[in-house]
Each structure stands twice: as structure tokens, then as C-alpha cells.
Amino acid sequence: MGHGEAGTRTTYLAAPAHPLYPGATTTKMFLYKLKNGAVPGEPVKKDENSRRGNWGNQIEFVLTSVGYAVGLGNVWRFPYLCYRNGGGAFMLPYFIMLVFCGIPLFFLELSFGQFASLGCLGVWKISPMFKGVGYGMMVVSTYIGIYYNVVICIAFYYFFMSMTNVLPWTYCNNPWNTPDCSGVLGGGSNRFNVSLANTTTSLVAGVSEVVNRTKRTSPSEEYWKHYVLNISDDIGNFGEVRLPILGCLAVSWFVVFLCLIRGVKSSGKVVYFTATFPYVVLTILFIRGITLEGAVNGIKYYLTPQWHKVLDAKVWGDAASQIFYSLGCAWGGLITMASYNKFHNNCFRDSIIISITNCATSVYAGFVIFSILGFMAHNLNVPVSEVADHGPGLAFVAYPEALTLLPISPLWSLLFFFMLILLGLGTQFCLLETLVTAVVDEIGTDWIIRNKTVVTLSVAIIGFLLGVPLTTRAGIYWLLLMDNYAASFSLVVISCIMCICVMYVYGHKKYFKDVEMMLGFPPPLFFKVCWRFISPVIISFILIFTVIQYKPITYNNYVYPGWSLAIGFCMAMSSVICIPVYALYKISRSPGATFRERLKFACQPHPSWGPALQEHRIGRYASLASEDTVESRPLREKQELKEEQKGELKEEPKEEEEEEDKERRDEISLTIQGSNGSTNTKKTPIPGEWGAK
């Protein structure tokens, strides 16, 4: 039995007494279990924490975390960073940053959430003054959740548009095309009716046309800009809402809501598909890609090491930033997902598995992307660097155009965009669950726990409405603005303060003991050193690097106006400002005659900080345990037992009155016996008794 199974209770209906509910009779527990669908004589498994719920098993948690960490960035950002920063040489700083920053921070957040069994707000009972960090995480997750689902909805749109014989971005003879359009396959729409010779001729003609033009505009780029987005000329010129994109956004949010309708119980089942099938698609595309002519050149371009770039600080900065953002640190999602683990689950093992899987996926995706791009560059007779791109440009322009060169191109397009949808949904599940869990844990009433689905629906509706402006003609400008500012340096600040709070304010020795109490073994020495010294230094380096390398955002040739950049900085600061604002509020409300006394009180752990379940509150937490700390009983069971207790309380006074009357009658009937060997009974005299004497 592993750590993940520790603490699991199996209750048999035939048991003569219930160990958890001594006040409940066997018959009542039998009827209760029958009412809840149990089969007489069969074991009934319950969640360790039945008030909040747990993952069905540990595989669900690992798959959900893999789906959360492995997202669109693994496909459309890492391969681009790799070839831009020295190819194979980039792997060296990338894996060094993974070992010294990525895995330690991942383990810290998982252990933090699992120990307290609370979301990104509740865990700050560890030091209430720092609860603003939790609010900052919520703000970041809100921003990301809004624009991330818009990207997913565009992938949905491309997926639906791929259900055709000829992909609509194959040729230049469409109403939205401009005279500058130059298709790789010429201008005919009867691609499937021409002979192989004609196809070769059109390819040569297309390549010649590309070479002769000073600037080539591909049909996929024009389809993206002029048809899908119908992009406006300025970020302030919203124009009309793109109804097809709006419809896909509604579909995307509806799918996310359905998968989270029962919280981790439903999403834990969905991830068996959403977290694994992208690897099937990646493998199919990889096998198809490496068999294409020119694929080797693309892969060489991706992996050929340029060792002189290792000495460039920018390469190390990009490696650290990619590791940090790719793993999803400081979003609040890791803390939230881990909070549904059983207390003794081995999250140390999980953190290593998930982190390595995430990075291996990024490297694997690079082969898939560059094998196809190498094939495209070979056909166009241009260097790979001219067709390589990142972000939306890769996902919705470069790669879709490369797919048009393949036989049965709609099939490959369907697979590619289905993979993007699943990668996006895996991350979106955790973003939404982070917000819902934070709200439910913070309010904490029985009603809100029973009606968690209502909270999920409300958050989904609000997210959909806030995403509507991103479906307008200026939507892509706002999407990129949020992507560049809402979740950039603010995440670095949040993560750094979290390390400082746990290691230095709460105390590293206490936290190491907490982890040992939870896992059964202390954190390895390497992780202790990383948490206290190395990781905070690397995080600080990322922050400094981000500030030094800052450049105003642009989109193609469009330069963002100053007022839009000001909005971007406000979005970035809105999550960070939560930290000092809440700290000042907490200090002002804390008892104490001086500022120092109030500060000390605000930094002390809340009395209820510690393991959520009473049975796990041992050692120094045993003295702090109280009946109100945790509710480990199911809600319906708790209500039934409360009703029983109320009934018993009502019956007790009646029984006491009957006993008192009986005692009085017995005393009245007694007579004072003499010295015949009996014991004299002293009693309260009744009227007339002394007179009778």
C-alpha cells in the first residue's frame, strides 16, 4: 500500500458498531447506506475528507496535473525558443533550471496545498498577513482563464472548418484574399482532380512566385487575419463581434462547465482522455512528419547546438522563464489540485513525474513542429527560419499552411486542432477549479459546499461574458496584451513572496516537520537548500531579466499605443497590489498596542492552520485541534445525526423528571428502621412527618 492509500476507510454494513459514529446504531447506519446505494455486505468506500471530497485515485491527480502543466505553450512557444536560443545548446540551461527551480517550486506548491487541504486562499492560514498572495493568484487565474478559453474557441473554429474536402486556407481564390496572396499550391480549387504532373507544375509555379515577390502573404495568413479575425486597424477600434467565434466561445465554456459539473469527481474522469490523447496525436503527427522530404533539415535546425549562445544571459533568462511559466507555478492551480489529495499521498514523487513529463512533452513537440516546418521550407526552397514562428502565428498560420501540403490534409488538420483543444482544456479545467475552490473554501458554509455546481456555473458565465470583447475585430490585440502583461512578472513576484513567507516568516524548520509528518519522510536535503536559497535567487534573476529585457508589445507591424500599454501595466499590477494592500489591512485589524505587536500577530499562523482532518492533527497540532476544525462526515449523515441528537436531548428532560418522581415516591414509602441490622435511610421530611413522631 502506497502513501496515497493511507487513511482510507472501508466500512462494512455488517459491522456491529460504527467506529466514526458511536452514537449511531447499526440499524440506522444500515438504512443510511441502503439509501445511498450501498449493497448489503459490500464495502462502502468514502473520501478521506468527505466534506471537500478527494480524487477518485492518484492517477486522476497526476493526469490532471499533467494536463494543467502541459498546455499550448509546450507546442507553440518552447520549440521556437529552442531554435532561437541555440538549438540543442538551449537544452542545457533549460534542464538546469528545471532541476534547481522548476521541480522544487512544483513540490513546494503541491505539499503546501496537500498539507492544509485548502485552495489558494485558505492555505494562507499559515501566515494570515500574506493572504493577499492568494488573492493575487486568483486575479492571475482570472485573467488567464478569460483569454485562454478564447484561444481554445479559435481552435474549435479551425477544427470545425477542417471538416471539408479542401481546407479553406489552401488557395488564394477566396473573397477575403488580396492581390498579395501567394499560395504554395497555386490558385486552382480542383486540387484533387489534377494529375501528379500538374501538381508538381503548380508547386514549382508557386515557389517561383514566392521567390519573385518581395513579401509573400500566404493564404493561411490572410484566412487568419481577414476571415477568422477580420482584424481592425487599431486596438481601440472594436468593430462588431465575430459571431462564429462567439459561438465557439460559448461551446468552449459549456464543455469546461460540463467537465467540472461535479468538481474533481467529474474532471478526474475526463482527464483520462484529455491528458492522454494529445500524446497519441503528437505521435501520429511525428511519424507522419519525419517521413516527409526535408523533415531532417527542420529537425537539425531545431536541435543543432550553437554552444557559444550558452554564454548569453538572455538564453538562461529564456530557459528560466519558460520553465517557470510552463509548469504553472504561482497560478494557484497546483495548490488547488493538491488540496484534493489524501493527506499521506506522496506528492514528492508526483512533482518529479509531472515536471519531467511536462518538459519531455515540450521537447517531443519540437520534433513534431519542426519536421513539418522543414518539409514546408524544402517545398518553398527557403530557410527554415523564414517559416518558423511561435504563438498564434505558429498554431493558426504556419502549421496549418504546412498541413495543406500533405495528402488528405483535412484529416491532419482535424487531428492537430483537436490536440490543441485538448491541451487547452486540460489547463482551463484547473484555472476554473482554482477560482471555484477558492470561493467555496472562503465562504465554507454547508449550503455553498452542497451547491458548488452553482458556483461553477456562475464563474463560467462571468468568464464567458468577460471574454466577449476578445471576439470582436480588435480581440486579438487585447488577447496578446493580456498574455504579455497579465501573467508575466506578477507571477514571479507572487512566487518569490510565497517562498519567503513559507521559508522565513513561517519558518523552514516547522515546514520541513510538516512535510515529514505528511509524507513520512523529511524533504531531501537538495530541496531544503533549493527552497531556502537557490530557487528564490533564480526567481529574482527571472524578475530582473524580465525587467531588463522588456520591450513594448507589437503585433506584426502594429505598435500598441501608450494608453493600451498603461492598461497592460495596470493588469500586471492588479495582482501584485493585492499583497501589500491586504497585509496593511490585516495589520490594522490585528490586536496590539504598537505596530510591531500587530505585525507579529498578523504573521503568526491561524489557530486552525494544519491538517484538515482531526485524525491527522498530531504532534504540535494535537493541542490546537477542536471539534470545529474539520468536518469529516458527509453532510446528509451529519444532518441526520444532529436530528438524532436533538431528539435525544428532548427526551432526556422527560426521563430525568420521571426518575425524580420515582425517587420521591420511593422515599415517601420508606420507613425509618431501628437497630435491627438495617441501614438507616436519611430523607427529606415531608409535611406532617415530624408531627407524627
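**Salt bridges, core and annotated sites of a predicted chain**

Arg349 is partly exposed, at 35% relative accessibility, where partly exposed lies between buried (under 20% relative accessible area) and exposed (over 50%), with a 1.4 Å probe and protein chains only. The model is predicted, and local features therefore require pLDDT of at least 70 and side-chain atom pairs pLDDT 80 or more, whereas totals for chains, interfaces and linings use all residues. Residues are numbered from 1 along each chain as its sequence is written, and side-chain values rest on heavy atoms, with hydrogens and water left out.

Arg349 and Asp350 meet through their side chains in a salt bridge, at 3.2 Å from N to O; the term denotes a side-chain nitrogen of Lys or Arg within 4 Å of a carboxyl oxygen of Asp or Glu. In contrast to the partly exposed Arg349, Asp350 counts as buried because its relative accessibility is 1%. Salt bridges with shared partners also join Arg84, Lys314 and Asp318 into one network.

The count of salt bridges comes to ten. One of them is formed by Lys265 and Asp47, whose closest N and O atoms are 2.9 Å apart. Lys265 belongs to helix α10 (residues 264–274) and Asp47 to the loop between β2 (44–45) and α2, so this pair ties together parts of the chain that are 218 residues apart in sequence. Helices (H or I, at least four residues) and strands (E, at least two) are DSSP runs numbered from the N terminus. Lys265 is partly exposed because its relative accessibility is 22%, and Asp47 is partly exposed at 25%.

Another salt bridge is made by the side chains of Lys131 and Glu442, at 2.5 Å from N to O. This pair links distant parts of the chain, since Lys131 lies in helix α6 and Glu442 in helix α17 (residues 409–443), 311 residues apart. With a relative accessible area of 14%, Lys131 is buried, whereas Glu442 is partly exposed, with a relative accessible area of 36%.

The chain as a whole contains 27 helices and four strands. Of its 693 residues, 53% count as buried. Its accessible surface (Shrake-Rupley method, 1.4 Å probe) comes to about 30,800 Å², and carbon and sulfur atoms account for 63% of that area. Among contacts (heavy atoms within 4.5 Å) with a separation of 6 or more, 81% involve residues 24 or more positions apart.

In soluble globular proteins, nonpolar side chains tend to be buried together. The largest nonpolar core of this chain has 199 residues, of which Phe112, Tyr158, Trp224, Phe396 and Tyr560 touch the most other members. Helix α6 (residues 131–161) gives this core its largest share, 19 residues. A nonpolar core is a set of buried Ala, Val, Leu, Ile, Met, Phe, Trp, Tyr and Cys residues joined through side-chain atoms within 4.5 Å. With neighbours within four places in sequence left aside, Trp224 is in contact with Ile154, Tyr158, Leu229, Pro392, Phe396, Val397, Ile476 and Tyr555.

An unreviewed UniProt entry places the feature "binding site" at Gly67, Ala69, Val70, Asn74, Ser326, Asn358 and Leu423. These positions are spread over 357 residues of sequence, yet they cluster in space, with a largest C-alpha distance of 12.5 Å. Such annotations may be inferred rather than shown by experiment.

Ala69 is located in helix α2 (residues 58–69) and is buried because its relative accessibility is 4%. Beyond residues up to four places away in sequence, Ala69 touches Asn74, Ser326, Leu327, Ile354 and Asn358. Val70 is located in the loop between α2 and α3 (72–76); Val70 is also buried, with a relative accessible area of 4%. Apart from neighbours within four places in sequence, Val70 is in contact with Tyr279, Asn358, Thr361, Leu423 and Thr427.
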